Amino acid sequence: MPPSKRSSSSRPSAGNAQPRGRTQAVFYRDKRGHEPVDAFLEDLLRTQPLAVAKIDDAIEEHLNGRDPRDPPPEFPATSQIEGELRELRVRFARTRYRVLYQRSRNLLVLLHIFEKNTGTVSAADRRKAEARMVDFRARMDAIPRRRPRATGRDAPPGAHGS
Amino acid sequence: MASVLHSPIGKSAAKAAKARADRNVAYRDARAEYERIRALREASPVAAHLRERRFELGLTQEEVAKAAGTSHSAISRLEKGTHIPQLPTLQRIAAVLDEELLVCFQRTVDGEVEHEFAAVA
């Protein structure tokens, strides 16, 4: 029987940097606010709604709600492309789709999607996904982080507005 | 004019899928069918595979039954996971679905599992 995707792991934590919660698939968004994978799916929805349903179902089944410490879903659901870049493999009738994604803590960032017509993922598709992930990381690092606001006894005098 | 800064984290795939289901009936029905197929896979992977394949090729159970030379009720029972037909019938059904039926022999040698696939014909 295949392992449950929601199985709780009793593995020891690898350190304080381990993400908490469950994995969540999100679309990569470029600087102009465009989400290329979602745009592809919306285009496809007009002509092939069943294929889009299959792709969304595969994302739900294989990428969402997993323990981030668990190994990636096994082949043939997903496979490694290069390094941390992976592909979600979806076949609908006679057409094959590939969603390239990469994990960032508990987020699975959907970087690129295409119809696969050849034996291997082309270098151009791979580079496109890699470039988007580089941009994702750079912009995430550029977002200033605020420390959580102190509350309760740690709050500075007057913080609760008297 | 100041440009709008967008977070690189777009919307969640689950939220986008829900929005699609809210406005596209064919999509919504297909999601429901895939959910049923997923549940069926736990009980009968063969039934789930055949039902999924027929659904995606846009064939009815009657069409598959007629082309495979079997009865509608046999296909219906097969897709419910309550009946597995004999290999020659299964082979004809697979052919209608544009697939080939293989059987897999599995053995364990020195603790290592080995598989060997063979065509039925």
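Reader: How do H2(B) and H3(B) run relative to each other, parallel or antiparallel?

Author: Roughly antiparallel. In general, you describe a packed helix pair by the angle and the distance between the two axes. Here the axes of H2(B) and H3(B) come within 7 Å and cross at roughly 160°. An axis is a line fitted to C-alpha atoms, for helices over the stretch in contact, and angles between N-to-C directions run from 0 to 180 degrees. Under 35 degrees counts as roughly parallel, over 145 as roughly antiparallel, 65 to 115 as roughly perpendicular, and the rest as oblique.

Reader: Before we go on, what am I looking at, and how is it numbered?

Author: It's a predicted model, where local features need pLDDT of at least 70, side-chain atom pairs count only at pLDDT 80 or more, and totals for chains, interfaces and linings use all residues. Residues are numbered from 1 along each chain as its sequence is written, while chains are lettered from A and ligands numbered from 1 in the order in which they are written. As for element names, helices (H or I, at least four residues) and strands (E, at least two) are DSSP runs numbered from the N terminus.

Reader: Back to that helix pair: what is its handedness, and which residues of H2(B) and H3(B) make the contact?

Author: The crossing is left-handed, as the near helix is turned anticlockwise from the far one by less than a right angle (clockwise would be right-handed). H2(B) brings Glu33(B), Ile37(B), Leu40(B) and Arg41(B), and the H3(B) side includes Pro45(B), Ala48(B) and Phe55(B). Contact here asks for C-beta atoms, placed from the backbone, within 7 Å. By class you get 6 nonpolar, no polar and 4 charged residues. Ala, Val, Leu, Ile, Met, Phe, Trp, Tyr, Cys and Pro count as nonpolar, Asp, Glu, Lys and Arg as charged, and the others, Gly among them, as polar.

Reader: And at what angle does H3(B) cross H5(B)?

Author: Roughly 120°, with the axes coming within 7 Å, and that makes the two helices oblique to each other. Ala47(B), Leu50(B) and Arg51(B) of H3(B) meet Leu78(B), Glu79(B) and Lys80(B) of H5(B).

Reader: How should I read the sheet, and in which order do its strands come?

Author: Strands of a sheet pair through backbone hydrogen bonds, parallel or antiparallel. The order here is S2(A)-S3(A)-S4(A)-S5(A)-S1(A)-S1(B), an open sheet of 6 strands with mixed pairing. Its edges are S2 (78–82) of chain A and S1 (9–12) of chain B, each pairing on one side only. Pairing takes at least two DSSP bridges. S1(A) and S1(B) pair antiparallel over 2 bridges, with Val26(A) standing opposite Ser12(B). S4(A) and S5(A) are antiparallel over 9 bridges, Tyr101(A) having Leu110(A) as its partner. S3(A) and S4(A) are joined by 7 bridges, and S2(A) and S3(A) by 4.

Reader: Which helices of chain A lie across those strands?

Author: H1 (residues 36–47) of chain A lies across S1, S4 and S5 of chain A together with S1 of chain B, at about 45° to S5(A). H2 (residues 49–62) of chain A lies across S1, S2, S3 and S4 of chain A, at about 135° to S3(A).

Reader: How many residues does each chain give to the contact between chain A and chain B?

Author: Chain B gives 21 and chain A gives 30. On the chain B side, H2(B) supplies the largest share, 6 residues, and the classes are 11 nonpolar, 5 polar and 5 charged.

Reader: What confidence does the predictor give?

Author: The complex gets an ipTM of 0.86 and a pTM of 0.82. For single residues you read pLDDT, the predictor's confidence from 0 to 100. Chain B has a mean of 93, with 97% of its residues at 70 or more.

Notes: Two residues are in contact if their C-beta atoms, placed from the backbone, lie within 7 Å.
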